[in-house]
Amino acid sequence: MQDVIKVHCFGCGSLNERGLQIKSHWAGPEELVCRWQPQPFHIGHPGVVYGGMIASVVDCHAMWTAMAAHCRDSGIEMDGTALPFAYVTGKLSVSYLKPAVIDQPLELRARVVDKGERRSTVECVVLQRGQECARAEVIAVRVQPLA
Ligand SMILES: CCCCCCCCCCCCCCCC(=O)SCCNC(=O)CCNC(=O)[C@H](O)C(C)(C)COP(=O)(O)OP(=O)(O)OC[C@H]1O[C@@H](n2cnc3c(N)ncnc32)[C@H](O)[C@@H]1OP(=O)(O)O
């Protein structure tokens, strides 16, 4: 969905040549999915994805999940034009359950599980070859558009 939105975000920005260029898509009524292929330089221990990279992908996918769910709930079209708000990360908590190998893609599945006035709590599971390798809870907070 964000293909049409030109941003420089390290996680999703299509204009950031050195960024991760992730893309998040609806996959059912409540869930957004993101698939990301780690590169050899995203390594931590030999053969294993650096945990901070997983946190980064989770972070960005969770913000898009909060934003997409809020737009859906508010009847706001995500058509690539500027939105009247942004989401920022208030809190990011990741449990690493199994090592993720560097040469296989990761699949992230996220949904909003609780919503306050401006806060969305997003749960995200990180799968590799169908096995859960991490699980995260992210607090996304809606703010005024950032310059
Ligand atoms: C051309 C079109 C362009 C379109 C455009 C596309 C955009 C493309 C998006 C890319 C996606 C970017 C993904 C990058 C994501 C980052 O990297 S964001 C950067 C890292 N994060 C930051 O810099 C945030 C820094 N912190 C802050 O600015 C402030 O502390 C915050 C988070 C805004 C909160 O401050 P505040 O507004 O004073 O919050 P406050 O009124 O106290 O609380 C508001 C709500 O949030 C909750 N809350 C606030 N902080 C926390 C916390 N730490 N823990 C738990 N709950 C919290 C409160 O409980 C409250 O909940 P509700 O009452 O709504 O239920």
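Visitor: Which residues come nearest to the ligand?

Guide: In this predicted model, 22 residues stand around the ligand, and those that come nearest are Val-88, Gly-90, Gly-116, Glu-117 and Arg-119. The elements that give two or more residues to this shell are helix 1 (51-74), strand 3 and strand 6, and strand 3 supplies the largest share, with 5 residues.

Visitor: How many residues of the shell around the ligand are nonpolar, polar and charged?

Guide: The shell around the ligand divides into 13 nonpolar, 4 polar and 5 charged residues.

Visitor: How should I read the strands, and in what order do they lie in the sheet?

Guide: As a general idea, strands of a sheet pair through backbone hydrogen bonds, in either a parallel or an antiparallel manner. Here 6 strands form an open sheet, with antiparallel pairing, in the order 1-2-4-5-6-3. Strand 1 (24-26) and strand 3 (86-96) are the edge strands, each of them pairing on one side only, and from one strand to the next the twist averages 25 degrees.

Visitor: How many bridges join strand 2 to strand 4, and how many join strand 4 to strand 5?

Guide: Strand 2 (residues 32-36) is joined to strand 4 (residues 106-115) by 5 bridges, and within this pair Cys-34 stands opposite Leu-108. Strand 4 and strand 5, which also run antiparallel, are joined by 8 bridges, with Ala-110 having Cys-124 in strand 5 as its bridge partner, and a hairpin of 3 residues connects these two strands.

Visitor: Which residue in strand 6 does Glu-123 stand opposite?

Guide: Glu-123 faces Glu-137 in strand 6; the antiparallel pairing of strand 5 (residues 119-128) with strand 6 (residues 131-143) extends over 10 bridges.

Visitor: What is the span of helix 1 from its first C-alpha to its last, and which residue follows the helix?

Guide: Helix 1, with its 24 residues, reaches 34 Å between those two atoms, which is close to the 34 Å expected at 1.5 Å a residue. The residue that follows helix 1 is Gly-75, whose phi is positive, near 70 degrees.

Visitor: Where does UniProt place the thioesterase domain?

Guide: The unreviewed UniProt entry places the feature "domain: Thioesterase" at residues 47-131; in the model this span is 28% helix and 38% strand, and its end C-alpha atoms lie 17 Å apart.

Visitor: What confidence values accompany the model?

Guide: Where pLDDT is low, predicted coordinates should not be read in detail. For the protein chain the mean pLDDT is 94, with 95% of the residues reaching 70 or more, while the model scores ipTM 0.91 and pTM 0.93.

Methods
Residues numbered from 1 in each chain as written. Predicted model: local features only at pLDDT ≥ 70, side-chain atom pairs only at ≥ 80, totals over all residues. Pairing = 2+ DSSP bridges. Helix = DSSP H or I, 4+ residues; strand = E, 2+ residues; numbered from the N terminus. Axes fitted to C-alpha atoms, helices over the stretch in contact; angles between N-to-C directions. Near = placed C-beta within 6 Å. Nonpolar A, V, L, I, M, F, W, Y, C, P; charged D, E, K, R; others polar. Expected span 1.5 Å × (residues − 1). UniProt positions renumbered as here; feature names shortened; annotations may be inferred. pLDDT = per-residue confidence, 0-100.
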